[in-house]
Amino acid sequence: MAVRSLWVEPARPATEVEWAALETHDVFKIYRSGPTETVALRGLDLKVERGEAVAVHGRSGSGKSTFLTLAAGLDEPSAGEVRSFGRSLGRLDERELADYRAQQLAIVFQSDNLWPALTAEENIVTALRLAGRDDDARERAQASLAGFGLEKRAHQNVGTLSGGERQRVAIAAAFAREAPLVLADEPTGELDERNEEVVIESLLRLRDGGGATVVVVTHSDRVARAVDRMIELRDGRVAP
Ligand code: ADP
Ligand code: MG
């Protein structure tokens, strides 16, 4: 499937510094179900520069997953603004948001963003095609899987892979697509130490080898030690 409108960054004045990969400005998110209101984010202000690897931590319920969901354009804030590479996500229509996710973003969420009935290779090829990258998709997928030590898993349905292998397939897909912004939600949460190390190393390779900006929600001390910077969320905002 070819994507017609390829993502175009907004023009920026020559004097201005580069756009941050991700910014939130006074973002609120209120979930309403019946009479119950939950304020998940209350005035979230943060900025992640291009090429940074940042770990977001904080107690359960502090708004970490909500933040990632908004950053991915999968839901809208109740108030405030989310910007990615200078674009305000709230101003994008459905089509532009779909392009944003297909071309700018790689998502490594706990629940996976893979098609379980497709093989590892087919998953990456499909993601490349959705991003409008039909050229050499199969070769790129194979090279990326090999680069992350997954060549033996290329033709296995991802539903049959271990948790660590699935995370690595998602990371290999991000690498093949050269996604500029990678969002990961507790990617090592269910892994043993050895697999945790492999996934951390793989995530950082997206930054070092691919120039990607990496935002990873995590409780892991290992991840925390490996990244450039930590952001703590507390009650829906950045802890002072
Ligand atoms: P974290 O990822 O830091 O554990 P979340 O962003 O998942 O936190 O949740 C923040 C708060 O918002 C929690 O109180 C959670 O129960 C609530 N919440 C999250 N998603 C929803 C939803 N879809 N509907 C209602 N409440 C939600
Ligand atoms: Mg969460």
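Mentor: Let us begin with a term: a salt bridge is a side-chain nitrogen of Lys or Arg within 4 Å of a carboxyl oxygen of Asp or Glu. Please bear in mind that this is a predicted model.

Trainee: Why is the pair K29 and D75 called a salt bridge?

Mentor: The nitrogen-to-oxygen distance between the side chains of K29 and D75 is 3.2 Å. The cut-off is 4 Å, and so the pair of K29 and D75, at 3.2 Å, is a salt bridge. K29 belongs to strand β1 (residues 22-33), while D75 sits in the loop between α1 (64-71) and β4 (79-84), so the bridge ties together parts that are 46 residues apart in sequence.

Trainee: How do you know whether K29 is buried or exposed?

Mentor: The relative accessible area of K29 is 8%. Buried means under 20%, so K29 is buried.

Trainee: What makes R140 and E178 a salt bridge?

Mentor: Their side chains meet at 3.5 Å, N to O, and the limit is 4 Å. R140 lies in helix α4 (residues 137-147) and E178 in the loop between α5 (163-177) and β7 (181-185), so this pair ties together parts that are 38 residues apart in sequence. R140 itself, with 23% relative accessibility, counts as partly exposed.

Trainee: Why are R234 and E232 called partly exposed?

Mentor: R234 has 42% relative accessibility and E232 has a relative accessible area of 30%. Both values fall between the limits of 20% and 50%, so both residues are called partly exposed. The side chains of R234 and E232 also meet in a salt bridge, at 3.5 Å from N to O. Elsewhere, E193, E196, E197 and R222 are joined into one network by salt bridges that share partners.

Trainee: How many salt bridges does the structure hold?

Mentor: The structure holds 16 salt bridges.

Trainee: What makes a set of residues a nonpolar core?

Mentor: The members are buried nonpolar residues joined through side-chain atoms within 4.5 Å. The largest such core has 38 residues, of which I124, L145, V169, V182, L203 and L206 touch the most other members. Several elements supply at least two residues each, among them β3 (53-57), α3 (120-130) and α6 (193-208). Helix α5 gives the most, with seven residues. Among the contacts of L206, leaving aside residues up to four places away in sequence, are F148, I171, F175 and V182.

Trainee: Which element gives the largest share of the shell around ligand 1?

Mentor: That element is α1, with three residues. The residues around ligand 1 include Y31, T38, A40 and R59.

Key
Residues numbered from 1 in each chain as written. Chains lettered and ligands numbered in written order. Predicted model: local features only at pLDDT ≥ 70, side-chain atom pairs only at ≥ 80, totals over all residues. Heavy atoms only, no water. Helix = DSSP H or I, 4+ residues; strand = E, 2+ residues; numbered from the N terminus. Buried < 20%, exposed > 50% of the residue type's maximum accessible area, 1.4 Å probe, protein only. Contact = heavy atoms within 4.5 Å. Near = heavy atom within 4 Å.
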